[in-house]
Every structure is written in structure tokens, then in C-alpha cells.
Amino acid sequence: MRRPVVAGNWKMHGSRSANQALLTELERRVMPEWPVDIVVCPPYVYLADAVRTLEGGQIQVGAQDVCAEAGGAFTGQVSVAMLKDVGCRYVIVGHSERRRLNHEDDALVARKFTAVLQAGLTPVLCVGETLEEHEGHRAEAVVSRQLDAVIAMNGAASFAHAIIAYEPVWAIGTGRTATPQQAQGVHAYLRGRIAQQDAKIAGQLRILYGGSVKGGNAAELFRMPDVDGGLVGGASLSADEFQQICAAAALRDAVRH
Ligand code: 13P
């Protein structure tokens, strides 16, 4: 059985004091026996603090982005070696906000994925279609294109060490969640694409859903056979909501049918 993952993408939110309070509260609420990989992704400047606060506990730390280059004259950027140095274990690559606002294309996202893998950290590759693409029934074509760029550069075998997050852009921060059936359809499609090249890796690959996941809808999403957890934005800033989402992931095997 695939172990579920719940990752909180804090985006550009937080402060030293608010983060400390949130993480301390989360540590108190997350049960060590829950069979879930739990990750928080604060902004770069707070990563080292978060690692220190969470040291020895169940919650791991990830970054929201990384530079594809190893080092050098790249003002304002952060390398994967630096992320590893401060104790990050996961790195989100290709989030739709970066694709849209920072003009990241599939090739750059694939290079970031490579950099993360080579450093021995776990890339969380985000894929997903816009509202226009969704309405044009192009979701599968879009996620295939995004996935293929990574497979072309790294091979399907690289997904033995990676996570995919399906994040339909129209569901991010909108309160409009994909239905469990919509999410399942795209997740099964993505898994099938990897299975064409390697069935074993496809069977073990964790595919997360992201887009308005909340405490109230997590259980029905995670009940789907190909939904292995969530990449959570807004609700990851509330200890109460995030705890409910982690609990739903922990209990999913009990409620699956
Ligand atoms: P929301 O959960 O706020 O919709 O954000 C999803 C997301 O973009 C996580 O990366």
C-alpha cells in the first residue's frame, strides 16, 4: 500500500512568531502513529527555523521552489545544495503560480526536477490545467505534456524517487474543489502514463491532489484509489484544518471501499 503524503504549501505567508506558534501546535496534534508523511513548505527565509523547530519529530520540511543551477551568479536564487544544507527533504517544482507568474516552462521545471533528484531530495512535481483548458476538455493533454517533459529528461524510473501533485489551476485558492471523481480520473491517467513505461514504479508512485483541500473534503478525496494525499495551500495555515486533513489521510485505508 502506498503511504499517503500531506504537504502544506504556505506560499508567501507567515512570520517568525506565527510559524513558531503554528508548528508547535501542529507537532502537538499530529499523532506519531499516523502512517502519513507530513511536510510543511514555508518560504525560503523560514526554512532553517522550521527545521530547528521540528527536529526529531514526525513533520518534515520542504521548499516551494529551487533554482535549476548548481550555484554562481544567480542573484536572488537558492540552490538545491542550500536547501539540503538547511535540512529540507522535499522541493515543490512547477507550481502553477510559478509557471504563470514567473513564466516557468516545462523544460525549466524538468531541469529543476533533475537538480532536486540529483541532490537526493524528493521533488514534488506539480501538474494541472487552467480553467480554459479544463473547459476545453484538455486536462489530460496538458498534464501529459507537463509530465512528458520530465520523463524526457529524467526517464520514467526517476518517479521511483518523486511525488506528483495534480493541481487543477481552476481549483487553487478558489474554493472550487475538483470532485473526487474528477481527481481520480486524472490521477489514474497520470499513473497509467508512467505504467506504460514501468508498471512497478507506477504502482508505488504517490500522486497528491491539490486545489481547495480542506478538513471537510479531504476524506472523500483520499478515498479515491489513486489519490495518495494532498498538497494543501490555504488550509495548511490552520492547525485545526491541517490536522483534520492529516487525520483523513491516516484513516483512508479504513474508509476506502
Ligand atoms: P489551496 O489549497 O489554497 O487551493 O492551494 C492549493 C495549492 O496551490 C497548493 O500548492
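Leaving aside its neighbours within four places in sequence, which residues is L208 in contact with? Let me start there. This is a predicted model, so please keep that in mind throughout.

L208 sits in strand β7. Its contacts beyond those neighbours are V5, I163, I164, A165, Y166, H187, D228, G229, G230 and L231. L208 is buried, because its relative accessible area is 0% and the cut-off for buried is under 20%. One more number on this residue. L208 and L125 are 83 residues apart in sequence, yet 9.8 Å apart in space, C-alpha to C-alpha.

Now step back to the whole chain. The secondary structure comes to 12 helices and 8 strands. How does the radius of gyration of the protein chain agree with that of a compact globule? For 257 residues, a compact globule would come out near 18 Å. The protein chain has 17 Å, which agrees. Along its principal axes, the C-alpha trace spans about 50 × 45 × 35 Å. Buried residues make up 54% of the 257.

Contacts next. Take those between residues at least 6 apart in sequence. Of these, 73% join residues at least 24 apart.

Then the surface. The protein chain exposes about 11,300 Å². Carbon and sulfur atoms supply 53% of that area. On charge, there are 25 positive and 27 negative side chains. The centres of the two sets lie 2 Å apart.

Back to strand β7, and on to what follows. The loop between β7, residues 206–209, and α10, residues 218–222, holds S212. G211 is in that loop between β7 and α10 as well. Take G211. At 6% relative accessibility, G211 counts as buried. G211 touches A171, I172, T177 and L231, not counting residues up to four places away in sequence. L231 was also on the contact list of L208. G211 and T174 are 37 residues apart in sequence and 7.9 Å apart in space, again C-alpha to C-alpha.

Now S212. Phi of S212 is near 60°, a positive value in a residue other than glycine. Is S212 buried or exposed? S212 is buried, with a relative accessible area of 9%.

K11 is another one for the backbone list. K11 has a positive phi of about 55°, although K11 is not a glycine. K11 lies in the loop between β1, residues 5–9, and α1.

That brings us to helix α1. N19 lies in α1, residues 16–29. N19 is buried, at 8% relative accessible area. Leaving aside neighbours within four places in sequence, N19 is in contact with W10, G14 and Y46.

Next, the aromatic rings. How many aromatic pairs are there? The count comes to 2. Let me take F113 and F159. Their ring centres are 5.3 Å apart and their planes are at 40°, so the pair is tilted.

Q244 lies in helix α11, residues 239–250. At 35% relative accessibility, Q244 counts as partly exposed. Leaving aside neighbours within four places in sequence, Q244 is in contact with G215 and G216. Now the distance. Q244 and D228 are 16 residues apart in sequence and 16 Å apart in space, C-alpha to C-alpha.

To wrap up. L208 is buried at 0%, and G211 and S212 are buried as well. Q244 is partly exposed. F113 and F159 form a tilted pair. And the radius of gyration, at 17 Å, agrees with the compact-globule value. Thanks, that is it from me.

Technical notes: Residues numbered from 1 in each chain as written. Predicted model: local features only at pLDDT ≥ 70, side-chain atom pairs only at ≥ 80, totals over all residues. Heavy atoms only, no water. Phe/Tyr/Trp six-rings, centres within 6.5 Å; stacked < 30°, edge-to-face > 60°. Helix = DSSP H or I, 4+ residues; strand = E, 2+ residues; numbered from the N terminus. Rg over C-alpha atoms; globule rule 2.2 N^0.38 Å. Buried < 20%, exposed > 50% of the residue type's maximum accessible area, 1.4 Å probe, protein only. Contact = heavy atoms within 4.5 Å. Areas by Shrake-Rupley, 256 points an atom, 1.4 Å probe, with all protein chains shown as cover. Lys, Arg positive; Asp, Glu negative; His and termini not counted. Charge placed at Lys NZ, Arg CZ, Asp CG, Glu CD.
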